[in-house]
Amino acid sequence: MTSENTPLPFDDEGLETKGPYKVLVLGGGPTGLSAALYAARAELNPLVLTGLQIGGQVAITHSVENYPGFPDGVGGPELVELFQKQAERFGAVLEFDSAVDVDFSQRPYRVKGYNAIYEAESVIIATGATPRKLQVPGEVEFTGRGVSYCGTCDGWFFKGKDVIVVGGGDSALEEGEFLTRYANKVTVVHRRDEFRAGVLLQKRAAENPKMSFALDTVINTIDGNGEVQKVELKNLKSGETQTQPIDGVFIFIGHTPNTEIFQGHLEMEDGYIVTNKLMETNIPGVFAAGEAADPHFRQVITSAGMGAAAAIQANRWLQEHSS
Ligand SMILES: Cc1cc2nc3c(=O)[nH]c(=O)nc-3n(C[C@H](O)[C@H](O)[C@H](O)COP(=O)(O)OP(=O)(O)OC[C@H]3O[C@@H](n4cnc5c(N)ncnc54)[C@H](O)[C@@H]3O)c2cc1C
């Protein structure tokens with residue numbers, strides 16, 4: 001770890017201390033709620049700090065069609081509700097608070113939230129990821145005024161309007177297709193000459209009369225007057241630019257792991273927490289799973305699986321190391 005990464009001393013700011021818990025789960029997405037289910041069933045009475053969004057990215061996903069057990073697909077928010085209900089049924093407790101600092105220098109480990117200091121014998125980090133920004137002029141200014149990162153949340157506002165979807169992966173095509181329910185026209189803008197999305201999704205998008213595609217193309221600027229009105233597009237092959245009138249820009253270009261608070265406390269690589277195959281970090285008793293630790297798979301099922309694995313391993317570790 002470099003000196004730049006050396007964290008500031010842990011300051012409890014006189015907050016109330018809660019715990020110690022046997023297992024503290026940080027994050028209430030598929031990873032955290034699955035870890036909580038397994039930890040609860042092992043009678044470890046886990047506490048889950050949910051962060052701002054119970055359900056994480058699934059809560060903002062219109063439909064999940066590849067989670068086993070739901071042959072007709074399942075709504076993202078509905079799946080979250082089921083995950084939560086199942087974890088709570090076995091005694092997991094969810095707390096609406098976010099971790100803002102950690103002290104892993106001695107046990108019990110300490111995690112600072114906005115409301116309290118949480119002490120725990122073991123910690124499972126499941127803080128997931130947030131959508132990556134395009135970083136073009138106008139993006140920040142028009143967020144919530146035509147720029148969005150969530151079709152399910154904002155699609156309705158674009159009834160009969162023209163929108164752009166930026167990205168080339170599964171999320172871009174899936175959400176683009178969903179947006180055709182409302183929008184008059186959805187143009188998918190992608191910087192490469194082919195999509196990364198699965199074949200089925202590509203086929204469906206190609207057959208959708210409301211969808212069109214601008215490959216080898218990027219957005220230079222987003223502009224408007226209080227709300228998005230136009231974008232400047234650049235074709236990367238020809239170098240040509242053109243202004244296109246548009247009502248909305250939906251951005252699905254990947255994610256950045258929510259791991260900033262662990263910098264200097266845990267071994268990380270490219271912002272992801274490094275774990276071994278038992279979901280163990282370099283600090284004994286601190287586990288990480290799901291999109292906070294996984295740059296490869298990034299699915300509900302893989303994240304849930306890693307969460308379950310982290311809880312199973314935390315249980316084994318606690319059996320060996322409980323004071
Ligand atoms: C638009 C979209 C569509 C998708 N569609 C599909 C799909 O069809 N099928 C599929 O398998 N996958 C899909 N995914 C991916 C899937 O949603 C993710 O792989 C999965 O949600 C990752 O789970 P996670 O729990 O690791 O992280 P997240 O879902 O990101 O959850 C992170 C959790 O951590 C919490 N948190 C963050 N910071 C803190 C903190 N400091 N303290 C405490 N808590 C914190 C958040 O509030 C949240 O509860 C989609 C994603 C998006 C964005």
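Author: Arg298 is found in the loop between strand 21 (286-288) and helix 6 (helices are DSSP runs of H or I with at least four residues, strands runs of E with at least two, numbered from the N terminus). The model is predicted, with residues numbered from 1 along each chain as its sequence is written, and side-chain values use heavy atoms, without hydrogens or water. Local features need pLDDT of at least 70 and side-chain atom pairs 80 or more, while totals for chains, interfaces and linings use all residues.

Arg298 is not a glycine, yet its phi is positive, about 50 degrees. Its relative accessible area is 31%, so Arg298 is partly exposed (buried is under 20%, exposed over 50%, partly exposed in between, with a 1.4 Å probe and protein chains only). Glu43 is another residue that has a positive phi, about 60 degrees, without being a glycine. Its place is in the loop between helix 1 and strand 2 (47-49). With a relative accessible area of 64%, Glu43 is exposed.

The bond joining Gly19 and Pro20 is cis, with omega about 0 degrees, and Pro20 has its place in strand 1 (residues 17-26). The bond from Arg107 to Pro108 is cis as well, and its omega is near -5 degrees. Pro108 belongs to the loop between strand 6 (99-103) and strand 7 (109-113).

Next come the aromatic side chains. Rings of Phe, Tyr and Trp (its six-membered ring) pair if their centres lie within 6.5 Å; planes under 30 degrees apart are stacked, over 60 edge-to-face, and the rest tilted. By this rule there are 7 aromatic pairs. Phe104 and Tyr109 form one of them: the ring centres are 5.6 Å apart and the planes stand at 75 degrees, so the pair is edge-to-face. Phe104 is buried, with 7% relative accessible area, and Tyr109 counts as buried at 5% relative accessibility.

Phe195 and Phe213 have ring centres 5.7 Å apart and planes at 70 degrees, so this pair is edge-to-face. The pair links distant parts of the chain, with its two members 18 residues apart. Phe195 lies in the loop between strand 12 (185-189) and helix 5 (199-207), and Phe213 in strand 13 (residues 211-214). The burial of the two can be stated in turn. Phe195 counts as buried at 14% relative accessibility. Phe213, with a relative accessible area of 35%, is partly exposed. Elsewhere, Tyr67, Phe70 and Phe83 are linked into a cluster by ring pairs.

Rings also meet charged groups here. The charged end of Arg41 sits over the ring of Phe90, 4.7 Å from the ring centre (NZ of Lys or CZ of Arg must be within 6 Å of the centre and within 35 degrees of the ring normal). Lys133 has its charged end over the ring of Tyr149, at 4.9 Å from the centre of that ring.

Glu95 counts as buried at 17% relative accessibility. Its side chain makes a polar contact of 3.3 Å with the side chain of Tyr118 (N or O atoms within 3.5 Å; within protein, one able to donate a hydrogen and the other to accept it, and sequence neighbours only through side-chain atoms of both).

The ligand is the last stop. A polar side-chain atom of Thr31 comes to 2.7 Å from an oxygen atom of the ligand. Thr50 has a backbone N or O atom 2.8 Å from a ligand oxygen atom. For Gly51, a backbone N or O atom lies 3.3 Å from a nitrogen atom of the ligand.
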